[in-house]
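Let's take a friendly walk through a protein fold, one piece at a time. Have a look at the picture first, and then we will ask what sits where.

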Amino acid sequence: MISKESLQFLDDLKTNNNRDWFQNNKKRYEIFKKDYHQFIQDFLNLMKPNDAALTLLEVKNCAFRINRDIRFSKDKSPYKTHLGVWMNTNFGNSNGPGYYVHIEKRKSFIAGGLYSPEADELKKIRKEIAFFYDDLEAIVDEKSFKSVYGNLDKNESNSLKNAPKGYEKDHPAIEFLKLKSFVAVYKFDDSELQKEHFIEDACKKLLLLKPFLEFLNRGLETD
């Protein structure tokens with residue numbers, strides 16, 4: 001599990017998000033970074049035996065830099081104040097379908113899927129859905145999937161108002177076809193992080209997404 005000290009570092013960084021404070025707390029950051037990388041390794045140790053698509057992943061492939069890219073952002077805070085773990089199931093594709101863990105005070109969640117695919121990738125996935133929507137419906141209607149994730153994320157910012165070009169508005173899978181990202185999310189309380197078996201429990205929930213990720217990859221890999 002992630003230590004209380006690491007969580008406190010992130011909390012303090014959120015209050016003091018500036019270079020001077022960060023430099024003065026560099027030793028705390030180094031301890032946090034070591035803890036962060038071990039946290040990733042613990043996830044990989046449990047996930048890899050259950051999903052061969054993760055075999056090539058190492059800690060460095062799943063970690064994020066703490067520095068924010070502020071070039072095009074109104075928020076000029078230099079550092080990220082959350083912890084993220086990204087396990088990509090399509091190693092050759094930087095934005096392939098994958099599993100994600102997000103640790104942030106009062107905003108923690110686990111998720112999986114494909115976020116904001118490129119236009120050609122989106123076209124392939126919609127084609128897969130259009131022809132094999134029964135497969136996708138069976139995945140999201142599966143009892144365990146539904147009990148944890150409910151459904152795919154269909155908020156307004158993630159869904160078109162009208163049918164995408166080339167599809168009829170009465171297509172049986174129109175609500176899936178309207179999606180711009182294909183993601184399932186499970187949110188949890190901060191107290192979950194300190195439970196002895198947090199990582200094991202999180203991995204069990206993440207692995208419920210495996211058929212969903214395989215469906216997305218199938219679409220991407222089909223000509």
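Which residue in strand 4 does leucine 114 stand opposite? Leucine 114 faces phenylalanine 182 there.

## Before we go on

This is a predicted model, in which local features need pLDDT of at least 70 and side-chain atom pairs count only at pLDDT 80 or more, while totals for chains, interfaces and linings use all residues. Residues are numbered from 1 along each chain as its sequence is written, and side-chain values use heavy atoms, leaving out hydrogens and water.

## The sheet

Strands of a sheet pair through backbone hydrogen bonds, either parallel or antiparallel. Here, four strands make an open sheet in the order 1-2-3-4, with antiparallel pairing (two strands pair if DSSP finds at least two bridges between them). At the edges are strand 1 (83-88) and strand 4 (182-187), each of which pairs on one side only. Strands, and helices too, are DSSP runs numbered from the N terminus: E with at least two residues for strands, H or I with at least four for helices.

Strand 3 (residues 109-114) and strand 4 are joined in the antiparallel sense over six bridges. Helix 8 (residues 198-207) packs on the sheet, touching strand 1, strand 2 (98-103), strand 3 and strand 4. Touching, or contact, means heavy atoms within 4.5 Å.

## Helix 1 against helix 3

Two packed helices are described by the angle between their axes and the distance between the axes. Helix 1 (residues 4-15) and helix 3 (residues 26-47) pack at about 125 degrees, with axes 9 Å apart. Axes are lines fitted to C-alpha atoms, for helices over the stretch in contact, and angles run from 0 to 180 degrees between N-to-C directions. The two helices are therefore oblique to each other (under 35 degrees counts as roughly parallel, over 145 as roughly antiparallel, 65 to 115 as roughly perpendicular and the rest as oblique).

On the helix 1 side, the contact is made by Glu5, Ser6, Gln8, Phe9, Leu10 and Asp12; on the helix 3 side, by Arg28, Tyr29, Phe32 and Asp35.

## Helix 3 against helix 8

The axes of helix 3 and helix 8 come within 10 Å and cross at roughly 50 degrees. That makes helix 3 oblique to helix 8.

## A loop residue

Asparagine 17 lies in the loop between helix 1 and helix 2 (19-24). A polar atom of its side chain lies 2.9 Å from the backbone oxygen of tyrosine 79.

Notes:
Polar contact = N/O pair within 3.5 Å; in protein donor to acceptor, adjacent residues only side chain to side chain.
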